[in-house]
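Please open the model in a viewer and keep the sequence panel beside it. The stops below proceed from the whole chain to single residues.

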Amino acid sequence: MVDFTLNVEAGHEVTITFTYADGDLADDNPHDIRVKGLGLELPTVRISRDNPTATLTFTPEKSGRLRILCVIPCIGMENLVGGTLRAVKPKATGAPTSLTLDLQPRDDDSLLARAILVDARGSPMANFPVAFTLHTVLGGDLVLSTPTTMENGSAVVKIPARGSEQVKVTASFEGGNGFAYAEASGEIAAPGQPMEHQPSALSAPTAPPVLALALLMVLGGVWATYGYVVYQVICIRRGEQTGGIR
Ligand SMILES: [Cu+2]
């Protein structure tokens, strides 16, 4: 449960039940849990060995991120705070729409993501916003940009894709004005990474040895200066000592 994501719909009542799961610990490990964000004023709830469940009921009025945290020192805090509770806009309903997403690697280590939005009859829908989201392992979801579809229903985004082996992208159309929500996801190996075997240091497109060398030179320079200062101090000391003897 370290990086769970929980999506709830804004404008709807949500009930969360927290369950004590530290029965395997020798001592009681109580948690005072608080849900914060989006202007909500919610009570702190306690779960412990004697009180193993607690519930919170609330209605997030707007979309955004909520934090779940424990406000007392405890064991296993990371399991709680590592997660995300997101209130998302309810998906629009209406005339069905459909999105397709195509991901193509480019020569410059980026990706070209191309989404095509069509209506129920398969006709392209022009002048509608399509949001492109990049799912990252460490940083969560990143909305890249929201271009507007062209005459042929397509919207295109260039994605910088270096550094991660697998790139996952979602294109979504919010809907509204009588149209329903639509989304499409795709996954592709990042360009610049060998497709069939594990990337090795030798095949890396960047040149880390240059960086390492630069760092070594800086460090070397620091140590050389330090050594010189020590040498000077020793010389001065020797000078004082010989001076004192005379
Ligand atoms: Cu806790």
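Among contacts in the protein chain between residues at least 6 apart in sequence, what percentage join residues at least 24 apart? The share is 62%, where two residues are in contact if their C-beta atoms, placed from the backbone, lie within 7 Å.

**The whole chain**

Residues are numbered from 1 along each chain as its sequence is written. The model is predicted, and local features need pLDDT of at least 70, side-chain atom pairs count only at pLDDT 80 or more, and totals for chains, interfaces and linings use all residues.

Colour the protein chain by pLDDT, the predictor's confidence in each residue, from 0 to 100. The average is 81, and 75% of the residues score at least 70. Next, switch to a cartoon: the protein chain has 2 helices and 14 strands. These are DSSP runs numbered from the N terminus, with helices being H or I of at least four residues and strands being E of at least two. Of the 246 residues in the protein chain, 15% are buried; a residue is buried if 20 or more other C-beta atoms lie within 10 Å of its own, exposed if 12 or fewer, and partly exposed in between, with C-beta atoms placed from the backbone.

**The sheet 1-7-6-3-4**

Select the open sheet of 5 strands, ordered 1-7-6-3-4 with mixed pairing; two strands pair if DSSP finds at least two bridges between them. Strand 1 (5-9) and strand 4 (45-47) are at the edges with a single partner strand each, so one side of each has no neighbour in the sheet. On average, neighbouring strands of this sheet are turned by 25 degrees against each other, direction ignored. Zoom in on strand 1 and strand 7, which run parallel and are joined by 5 bridges. Here Thr5 lies opposite Thr84 in strand 7.

**Lys89**

Move on to the loop between strand 7 (84-88) and strand 8, where Lys89 is located. Is Lys89 buried or partly exposed? Lys89 counts as partly exposed because it has 14 C-beta neighbours inside 10 Å. Beyond its neighbours within four places in sequence, Lys89 contacts Ala10 and Ser63. A distance drawn between the C-alpha atoms of Lys89 and Gly64 reads 8.9 Å, although the two residues are 25 apart along the chain.

**The sheet 8-9-12**

Now select the open sheet of 3 strands, in the order 8-9-12 with antiparallel pairing. Its edges are strand 8 (97-105) and strand 12 (154-160); each has a single partner strand, so one side of each lacks a neighbour in the sheet. Neighbouring strands in this sheet are turned by 20 degrees against each other on average, direction ignored. Strand 8 pairs with strand 9 (residues 110-119) in the antiparallel sense over 9 bridges, and Ser98 has Val118 in strand 9 as its bridge partner.

**Strand 13 and its partners**

Select strand 13 (residues 166-173), in which 6 of the 8 residues are buried. Strand 10 (residues 131-136) runs antiparallel to strand 13, with 5 bridges joining them; His135 is opposite Lys168 in strand 13. Strand 13 also pairs with strand 14 (residues 182-189), in the antiparallel sense over 8 bridges, and Thr170 is opposite Ser185 in strand 14.

**Last stop**

Finish at residues 194-207, where pLDDT stays under 50 and the model has 7 contacts beyond four places in sequence. Where pLDDT is low, the predicted coordinates should not be read in detail.

Technical notes: Axes are lines fitted to C-alpha atoms, for helices over the stretch in contact, and angles run from 0 to 180 degrees between N-to-C directions.
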